[in-house]
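Dear colleague,

I am handing over the structure below, and after it I describe what was found. Please read the notes with the structure open beside you.

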Protein chains: 4
Amino acid sequence: MDPLLAAGRKVLAEQPFSVLLGAELLEFSPGHAVLAVALKPELKQQYGFAHGGVLSYLADNALTYAGGSALGGHGIVTSEFKINYLRPAVGERLVARADALYTGRSQSVCRCDIFAVEGGQERLCATAQGTIARLASPAGE
Amino acid sequence: MDPLLAAGRKVLAEQPFSVLLGAELLEFSPGHAVLAVALKPELKQQYGFAHGGVLSYLADNALTYAGGSALGGHGIVTSEFKINYLRPAVGERLVARADALYTGRSQSVCRCDIFAVEGGQERLCATAQGTIARLASPAGE
Amino acid sequence: MDPLLAAGRKVLAEQPFSVLLGAELLEFSPGHAVLAVALKPELKQQYGFAHGGVLSYLADNALTYAGGSALGGHGIVTSEFKINYLRPAVGERLVARADALYTGRSQSVCRCDIFAVEGGQERLCATAQGTIARLASPAGE
Amino acid sequence: MDPLLAAGRKVLAEQPFSVLLGAELLEFSPGHAVLAVALKPELKQQYGFAHGGVLSYLADNALTYAGGSALGGHGIVTSEFKINYLRPAVGERLVARADALYTGRSQSVCRCDIFAVEGGQERLCATAQGTIARLASPAGE
């Protein structure tokens, strides 16, 4: 397996919350990540759709993988993101695709589209934009 | 118990994802909601802090309670929100306080502050702003 | 000239603030708009870059054209947007390209990339994401 | 006059775009700024309301003053912000009040409320949340 993908999966396995949700890292390269979850019943809200919090988890984590790897990976924090919900997310699986749009010395601005997969068909159900930042090094201040 | 709070707790109990996370609705009145989770190990990321996705879940859900109740409650969707992460969230408990800032005929714009509670002390660890919308009624179009 | 582009330019000419900034509508079709300004001295800040407020004006207006036309155009409001500033905007001209990503019955979610053009070369300097909403009709409530 | 307010006004006078809009800095202290414009005709859109781009300018600049002063002022950039439009902005004057909510070593997260003043009465017409960042020092990387 690609060493970056292996390293990314190792980190995911060390995140208890990602394990609780059953997240899988499908693709991972510098500035790019694809994260997925099976839409099991406990990830839903009262109408049977994926809970918005599951979509925002996917956005948060996929953006962090994309931006963190674009920045080179150590001392990385998710600074902020914004998410628009587009459609109820129904189906077997949710897939979040994130890409770095711009990466500078101290931040990477990334986008993430989240798709619901039902019967092999993907439908865009949310879109996010956010900032991953490199922590200022103590010596630098 | 206040009927609105009781109704809000009933909805929360019908959200499998909120049950999975152990969310509790502490306060609920029109345009106001307080949602909390105990920071159990499975809600954390690899460094022992609350996962960003837990904070974004709290923002999403507390904003929806605040805005949905401000709008009167039926045919409500969470349109979008933005979250800034401020500090690592450590402690025993996370508490999200959301309030409607402005409510019109078709949308409510709300804010949510999320605090980590450690040893009885609250520290602000994230802040969010978002829009809860009333679905357009078919007859209205 | 294309009737939609002509109509869009007529609206722009009726916006005193757009006239003040010297904005031009270069392209306009349902769900798509390209808006530009020449980077004249009075649009700058103290370091000689385009002022952030000029970039946010372009985002606001290009998103509104893209989303408003996607929604069919009457009773449209800009609900919200988010902008990330990526690089100092220097050059002769700023060009904002906006596209509707998703359009439903009551809202259109759009993205906008803003480029600075210097010596014929375009550089992405800001990116935005926002919601254009159709006002609820009185009869619909 | 307070030296910080005087310094802030000097910077504003050096921003050609702020001069074009007629912006005034009414209050300025670490982590706090109040910025205003008279709602002259050239700041409006086609319906006679303040153009959204004027509101977003005020948000951008007021957030930058609040966050920049909270961070101590040198090497500051506006990283991103989000704005929700609440009501049409009509009246004689727009006033933007911004405050730092959290300030760390490398960023300050701020909020800004924008009011339209008509006949002495203030009405909230937009609200924004954003990040002001300290540029990473070259030695720090």
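Two strands are said to pair if DSSP finds at least two bridges between them. Please keep in mind throughout that this is a predicted model.

Strand 3 (residues 76–85) of chain C and strand 6 of chain C run antiparallel and are joined by nine bridges. Strand 6 of chain C also pairs with strand 5 (residues 107–118) of chain C, again in the antiparallel sense, over twelve bridges, and here Val117(C) stands opposite Glu122(C). Strand 6 of chain C (residues 121–134) is largely enclosed by the rest of the structure, because ten of its 14 residues are buried.

Turning to the contact between chains A and B, chain B contributes 29 residues and chain A contributes 29 residues. On the side of chain B that touches chain A, the elements giving two or more residues are helix 2 (16–21), helix 3 (52–71) and strand 3 (76–85) of chain B, and strand 3 of chain B supplies the largest share, nine residues. Sorted by class, that side of chain B has twelve nonpolar, eleven polar and six charged residues. Strand 3 of chain B also runs antiparallel to strand 3 (residues 76–85) of chain A, with five bridges joining them, and Lys82(A) stands opposite Lys82(B) there.

With best wishes

How values were computed:
Residues numbered from 1 in each chain as written. Chains lettered and ligands numbered in written order. Predicted model: local features only at pLDDT ≥ 70, side-chain atom pairs only at ≥ 80, totals over all residues. Buried ≥ 20, exposed ≤ 12 C-beta atoms within 10 Å, placed from the backbone. Helix = DSSP H or I, 4+ residues; strand = E, 2+ residues; numbered from the N terminus. Contact = placed C-beta atoms within 7 Å. Nonpolar A, V, L, I, M, F, W, Y, C, P; charged D, E, K, R; others polar.
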